[in-house]
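Here's a quick look at the aromatic rings in this one. Have the structure open as you read.

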Amino acid sequence: MAAELDTAKAIRAYCLRLLAQREHSRQELGNKCLLKGFPKDDIVPILAELAEQGWQDDARYAESYARARIQKGYGPLAVRYALQQKGVAMEADALQPDEDSWLDTLVQVYHKKFSGDQPLSRQEWAKRSRFLIQRGFPAELVNALPKHLAIRFL
């Protein structure tokens, strides 16, 4: 009984230490606790308790993570996929800004990576659009970019 209490205290202290550094998803905390060697049966109730008390919140984590990834130039598809890999369902409205804000983000990423005002060959545009799609921007948005920026083709 005392050993279980000590284990619970250790798990709680470890999780709070991690949460003090940055937001974590419930799955991330669980995985880190498992790697630390804590028993899974002891981890689950502590994680539920931390979520109930507001120390850990997947929606808050999703918003924080999405904001950071968007600032680094990633599109909605890449952010959504990364969050799914971290075990966070997209109940948060972190990726629901209007189309114009995603277009603004796309334009910023485009100008940061590519410069010049000269006409582009179709091959060069294909290369640039592949880069933007790999960054997680939807193809429809990437295809609308030349008209929005008045990009000229050879």
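What follows is a short tour of ring pairs, then of charges over rings.

Keep in mind that this is a predicted model. It holds six aromatic pairs, and two of them get a closer look below.

**Tyr14 and Phe38**
- These two rings make a tilted pair, with 6.1 Å from centre to centre and 50 degrees between the planes.
- Tyr14 belongs to helix 1 (residues 2-21), while Phe38 sits in the loop between helix 2 (26-36) and helix 3 (40-52), so the pair ties together parts that are 24 residues apart in sequence.

**Phe114 and Phe131**
- Here the geometry is edge-to-face: the centres are 5.7 Å apart and the planes make an angle of 90 degrees.
- Phe114 is in the loop between helix 6 (99-113) and helix 7 (122-134), and Phe131 is in helix 7, so this pair ties together parts that are 17 residues apart in sequence.
- Phe114 counts as buried because its relative accessibility is 10%, under the 20% cut-off.
- Phe131 has a relative accessible area of 18%, so it is buried too.

**The ring cluster**
- Phe114 and Phe131 also belong to a cluster, where ring pairs link them with Tyr110, Trp125 and Phe153.

**Charges over rings**
- Phe131 has a charge over its ring as well: the charged end of Lys113 sits there, 5.1 Å from the ring centre.
- Over at Tyr74, Arg135 lies over the face of the ring, 4.3 Å from its centre.

Conventions. Residues numbered from 1 in each chain as written. Predicted model: local features only at pLDDT ≥ 70, side-chain atom pairs only at ≥ 80, totals over all residues. Heavy atoms only, no water. Phe/Tyr/Trp six-rings, centres within 6.5 Å; stacked < 30°, edge-to-face > 60°. Helix = DSSP H or I, 4+ residues; strand = E, 2+ residues; numbered from the N terminus. Buried < 20%, exposed > 50% of the residue type's maximum accessible area, 1.4 Å probe, protein only. Lys NZ or Arg CZ within 6 Å of the ring centre and 35° of its normal.
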